[in-house]
Amino acid sequence: MASHGFWFTGAENAAGNPSQSPTTPRAWCQAAAQKFTGGIGSKLYAFLNVGEAEKAAQAPDKDEDEATVESCGCNKPCNCPKTSLCFSDLYSTDLLPALDGDAKTMNFLQEVVDILLAYIVESFDRSTKVIDFHYPNELLQRNNWELSDDPETLDDILISCRATLKYAIKTAHPRYFNQLSTGLDMVGLAADWLTSTANTNMFTYEVAPVFVLLEYVTLKKMREIIGWQDGRGDGIFSPGGAISNMYAMLLARYKMFPEVKEKGMSSVPRLVAFTSEHSHFSIKKGAAALGIGTESVICIKADERGKMIPSDLESRIVEAKQKGYVPFFVSATAGTTVYGAFDPLIPIADICKKYDVWMHVDGAWGGSLLMSRKHRWKLNGVERANSMTWNPHKMMAVPLQCSALLVREEGLMQSCNQMQACYLFQQDKHYDLSYDTGDKALQCGRHVDIFKLWLMWRAKGTIGFEAQIDKCLELSEYLYNKIKDREGYDMVFDGKPQHTNVCFWYLPPGVRYLEDKVEKMKRLHKVAPVIKARMMEYGTTMVGYQPQGDKVNFFRMVISNPAATFEDIDFLIEEIERLGQDL
């Protein structure tokens, strides 16, 4: 009979104990804990077995000598004792690379891992708080966060680790819906640990050979999914979608006016960019950073669902040209931040082709829908774009940060950004220099963001990501169907959401029946902030809110957490009503 692996362990032993069946949470957690070797397993087992404390207290005491002997944690069956270290007498200088520092290092890191594993298990427990909220001044006073000239002991360092996680937001919690990036993938986490252990830089093949190759392979796969022939083109992983969008604007300017690289903005005419009024603020921020200016970003009207109106785009391009300006960049959005809208890419692509303007697609939030056969139609036309931003750390739940810029034209990034520093990018190296990717980046030092995405992709396969994304979309439709006709709720726009964004007002009884519309809107504007504050103070859940245009504050529910279930959506609705009933 085939093994069921990690998740099946312990079922055989539970068969003779009906009260401890493998389906009960305690039995499952205990079985899981026992799979970890050495000290991790025993400590995690103890952490999960807190309900048995009273029984343990009544058990006969073991011999003192026996109680002090622990598994050494050496990852194989053995009888060697684990030395009990007193971390209050040790400092970082006692760890590797100190002489004889290996045992102390392993013990210290074992303690850190124990803290992390306990936090991970707790994060997925719905009976725990999403947040242990304290106001900034209060939190500053509760712990000593100040830096000192003298070193602290390793015991103090472990205390700091525990305190940091105690007050951290549990972004893996199934009821955390506050941001576009939520959840915690175990394979991605393992990859992040490995990346930090390798501690290298992505600028050359000679210092990051495997990571550079994995970036090459993964970016090519992503370009294939976009629809560019044979996955040809270019790309890079950058520190977030805002930087990826700025890269795109930088390339568009260089493509049209390559002399700007050496001579600056004084050498080119007045450039103008175009984007939806619902687009991300990073488009204007990129224009400011590149010296183009925020006034040179023209916002195009969106329809009632938040989609860019192509006819307005064309008229504004014509108007800019008549003024003597040079349209050089259009940023369409695939999944707007608030409404989750997908701009109509095919007519936008037609307009960009007609006026010879670079077409960029900001798919930071919605780009991952390309992984879903059911939902990828929402990005029809993306293959005609010159560039695309895609953030796997959002809908694909890759640990932060993981953002890619994909570019259709190969070599453009290199010619735009290269400075050919001879101490890094020597031209007489003994390998293919095309794998020295650092000169096409704006950064010199570049973090390894690729490994967690690559390893998760290996673990899930494309179909695994597809199922994960489809589930999140299914949950959002479930929420929409539950509240669209429910008393006390109004939808911000009609029709089911295109993405996982569900935007709605909750009208408490004290607001619901007001006839004065001005007073009603004035009071409704205060409802979402108060309920959100109460959510955080109770620690039960978190969901975002904001105004939009002339619309007063409303809730923006987004679902990207793979741990969320239909029951969590039900809980959210009930919690909003509970916290807002007296308003």
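Me: Why does Cys352 count as buried?
Reply: Buried means under 20% relative accessible area, exposed over 50%, partly exposed in between (1.4 Å probe, protein chains only). Cys352 has 4% relative accessibility, so Cys352 counts as buried. Bear in mind that this is a predicted model, where local features need pLDDT of at least 70, side-chain atom pairs count only at pLDDT 80 or more, and totals for chains, interfaces and linings use all residues. Residues are numbered from 1 along each chain as its sequence is written, and side-chain values use heavy atoms, with hydrogens and water left out.

Me: And what makes Cys472 buried?
Reply: Its relative accessible area is 0%, so Cys472 is buried too.

Me: How many disulfides does a search of the whole structure find?
Reply: It finds 0. A disulfide here is a pair of cysteine sulfur atoms within 2.5 Å.

Me: What makes E1 and E9 edge strands?
Reply: First, the sheet: 5 strands form an open sheet in the order E1-E11-E12-E10-E9, with mixed pairing. Strand E1 (176-177) and strand E9 (489-491) are the edge strands, as each pairs on one side only. Strands (E, at least two residues) are DSSP runs, numbered from the N terminus.

Me: How do you know that E11 and E12 pair?
Reply: Two strands pair if DSSP finds at least two bridges between them. Strand E11 (residues 542-548) and strand E12 (residues 551-557) are joined by 4 bridges, so they pair, and they run antiparallel.

Me: Which residue in E12 is the bridge partner of Tyr545?
Reply: That's Phe555.
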